[in-house]
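Trainee: Could you take me through this model feature by feature, giving the general idea before the particular case?

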Amino acid sequence: MAPTVVVRVHPRDPLYLPMHTVLEVEDLTKCFGKICALKGISFTLCSGEILGVVGPNGAGKTTLINCLLGLVLPTSGKIRYFGKDFFRNRSQILAKVNFASSYVALPLSLTLEENLLVYAHLYGLREPRERVAEVLKIFGLYEKRKRRTRTLSSGQMMRLCLAKALLNHPRVLLLDEPTAGLDPEVAQKTRDLILNYARQERTAVLFTSHNLAEVERISSRILVLQKGQIRALGKIAKLLEEFEAESLEELYFRLAA
C-alpha cells in the first residue's frame, strides 16, 4: 500500500522530506485464550500527527501499544512501520520508535544520568552525554542527574521516562497515559511539549489517556476503543457531528462507557 505523500520541510534536515504514513495497522487481533483484547483493529498514523486513544479500563489500549512495540505477538493482522513489516524488520524499526508509560519505571539503583546513558548507548547516539543533558534539561531534571532514581517521586519518574522517550529523536512515539501522576503544572508543560514536538520534529505520536480534556486539546484525531473494537475514529469535530454529540465527554460515554 503506497502512502499518501505531502511535501513538508523537516526541521533537522535542509532537504524536503515527505510527510507520509509511518504506521499502518491492519485487522489486528490479539486473543488471550478465549478472551480477545483486540478484535480487527485497523488505522494509520502519519508523521506529525497525534492520535489520542481513549476507552475504559480493559478496552485494549495497553494491549495495542504492547503489540506495536513487539512485546506481545498479535494473534493475526499486520503492523507496518515506514512501509515495512514490523516483525521482519523489528530491530531496524525500533531504532526509530520510542515509548513511555506511567506504569513502567526505570532501574532504581542507577542515577538519572546513568539510566539515560544506558539507553543512549543502546540507540547508538553519537554524542550520548550531550543528548542526555539536553533531555534532562527539557524536563527540569538536570540538577538531579546524579541522584539515584529511587529517590524520585512518581511524577518525577514519569518525567524521566518521557526524557528517555525523546533520546533518539523518534519518528514514532508511543505514550501510555503520559501525564498520569503529574501535578497540573507539569502535566500542562508535558502536553505542550508533546504538541510542539510533533509539530516541529514531525514525529508521529500515539497516546492513551483517561483525561478527555487533554485528548481534545492536543489530538489530531481520536480513536475510541471499547471491548477491543474501534467504536469511532477521526477528527473530533467530525465525530461530534456524526454522532450528534455536543462534547467529547458526551461522545465518549455514548460509545465507550
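**An enclosed helix and its surroundings**

Mentor: Seven of the nine residues of helix H1 (residues 61-69) are buried, so this helix is largely enclosed by the rest of the structure. Buried here means under 20% relative accessible area, exposed means over 50%, and partly exposed lies in between, with a 1.4 Å probe and protein chains only. Helices (H or I, at least four residues) and strands (E, at least two) are DSSP runs numbered from the N terminus. This is a predicted model, in which local features need pLDDT of at least 70 and side-chain atom pairs count only at pLDDT 80 or more, while totals for chains, interfaces and linings use all residues. Residues are numbered from 1 along each chain as its sequence is written, and side-chain values use heavy atoms, with hydrogens and water left out.

Trainee: Which residues of H1 are buried?

Mentor: They are Lys61, Thr63, Leu64, Ile65, Cys67, Leu68 and Leu69. Just after H1 comes Gly70, with a positive phi of about 80°, in the loop that leads from H1 to strand S6 (76-81). Gly70 is itself buried, at a relative accessible area of 8%.

Trainee: What does Gly70 touch beyond its sequence neighbours?

Mentor: Taking contact to mean heavy atoms within 4.5 Å, and not counting residues up to four places away in sequence, Gly70 touches Phe86, Phe87 and Arg90. The C-alpha atoms of Gly70 and Arg90 are 7.9 Å apart, although 20 residues separate the two along the chain.

Trainee: How many residues make up the largest nonpolar core, and which have the most contacts inside it?

Mentor: A nonpolar core is a set of buried Ala, Val, Leu, Ile, Met, Phe, Trp, Tyr and Cys residues joined through side-chain atoms within 4.5 Å. The largest has 49 residues, and those with the most contacts inside it are Ile50, Leu116, Leu160, Leu175, Val205, Ile222 and Leu251. Helix H5 (residues 154-166) supplies the largest share of this core, eight residues. Apart from it lies another core, of 30 residues, including Ala59, Phe82, Phe86 and Phe99.

Trainee: At what angle do H3 and H5 cross?

Mentor: Axes are lines fitted to C-alpha atoms, for helices over the stretch in contact, and angles run from 0 to 180 degrees between N-to-C directions. The axes of helix H3 (residues 112-122) and H5 come within 10 Å and cross at roughly 30°. Angles under 35 degrees count as roughly parallel, over 145 as roughly antiparallel, 65 to 115 as roughly perpendicular and the rest as oblique; H3 and H5 are therefore roughly parallel to each other.

Trainee: Which residues meet where H3 and H5 are in contact?

Mentor: Leu112, Leu116 and Tyr119 of H3 meet Leu160, Ala163 and Lys164 of H5.
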